[in-house]
Amino acid sequence: MLYPTETGWADAQRFYDEALAGVRAAGLEPAIVSTGGTPNLKNLGKLRGATEHRPGTYIYNDRMQVAAGVAGWDDCALNVYATVVSRAGPDRGILDAGSKTLTSDTGGLDGHGLILEHPEARIAKFAEEHGFLDLTRSNTRPNVGDIVRIVPNHVCVVVNMVDEVVMVRGDEILGTLPVAARGKLK
């Protein structure tokens, strides 16, 4: 199983060829050789000998995929719904979603997710159950009680934190989908 960087396919090929020679010298023949990564979908077929590709994030997409240029905001199918629970100052706010919901993985991005209704707002830091908003750059400001939709930075980690995902189309709840692989490391 290989997960090359988007531009590291030549190095991955050299590594794979050397590893394959070693595996064959041990009398084994690999039946499945996987590559992975949603941004690497554009690189399908670049690793000679690969038999499958395992993209993970593409089912939902996230803020990192938008930053990588492989998805747009309309392609982000998973939103975390959070409530604004405090506005103690004009440039501050508190959400009821923290590191246990959105994770602390920034993916190299500024802040911990994009609030669709207030894209200039920044989820600056976390406690376990609360997100601290920096509204200094925000043209619009949420009020206490507002429910906001957040596109997470790294959706894989977010999905792994919950037992089920609520499926929504517009304002209608369609049902729930169990997260069967939650916490599985096999």
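About 720 Å³ of space lies in the second largest pocket of this protein, so let's start there and explain the word: on a 1 Å grid over the protein atoms alone, a pocket is an open set of points where a 1.4 Å probe fits, with protein on both sides within 12 Å along at least five of seven lines. Grid points are joined across faces, edges and corners, and a volume is the space filled by probe spheres set on the points. Before going on, keep in mind that this is a predicted model, in which local features need pLDDT of at least 70 and side-chain atom pairs count only at pLDDT 80 or more, while totals for chains, interfaces and linings use all residues. Residues are numbered from 1 along each chain as its sequence is written, and side-chain values use heavy atoms, with hydrogens and water left out.

Back to that pocket. Its lining (residues with an atom within 4 Å of a point) is made of 26 residues, and Ala-77, Leu-78, Asn-79, Tyr-81 and Val-166 lie nearest the centre. Two or more lining residues come from each of strand E3 (80-89), strand E8 (147-151), H4, strand E9 (164-169) and strand E10 (172-178). Those labels come from DSSP runs, numbered from the N terminus: helices are H or I runs of at least four residues, and strands are E runs of at least two. E9 gives the most to this lining, with six residues.

Now for the largest pocket, with a volume of about 890 Å³. It is lined by 35 residues, and the closest to its centre are Pro-55, Gly-56, Thr-57, His-154 and Cys-156. Strand E1 (34-36), helix H2 (63-67) and helix H4 (155-160) are the elements that give two or more residues to this lining. H4 gives the most, with four residues.

Take a look at His-154, which sits in the loop between E8 and H4. His-154 is buried, at 17% relative accessible area; buried means under 20%, exposed means over 50%, and partly exposed is in between, using a 1.4 Å probe and protein chains only. Not counting residues up to four places away in sequence, His-154 touches Asp-62, Met-64 and Asp-105, where contact means heavy atoms within 4.5 Å.

The structure holds zero disulfides, a disulfide being a pair of cysteine sulfur atoms within 2.5 Å. Cys-76 itself counts as buried, at 9% relative accessibility.

Next comes the inside of the protein. A nonpolar core is a set of buried Ala, Val, Leu, Ile, Met, Phe, Trp, Tyr and Cys residues joined through side-chain atoms within 4.5 Å. The largest one has 21 residues, and those with the most contacts inside it include Leu-78, Leu-95 and Val-148. E3, strand E6 (122-126), E8 and H4 each supply at least two residues of this core. Leaving aside neighbours within four places in sequence, Val-148 is in contact with residues including Val-80, Tyr-81, Leu-95 and Ile-115. There is also a second, separate core of seven residues, with Leu-2, Ala-12, Tyr-16 and Val-33 among them.

Finally, visit some loops. Between helix H3 (99-102) and strand E5 (114-115) you'll find Thr-103, which has a positive phi of about 65° although it is not a glycine. Thr-103 is buried, at 4% relative accessibility. His-112 is found in the loop between H3 and E5 too, and is buried at 10%. Among the residues that His-112 touches, not counting those up to four places away in sequence, are Arg-63, Thr-103 and Asn-153. Asn-61, in the loop between E2 and H2, also has a positive phi, near 65°, and is buried at 8% relative accessibility. Gly-45, in the loop between E1 and strand E2 (52-54), counts as exposed, at 73% relative accessibility.
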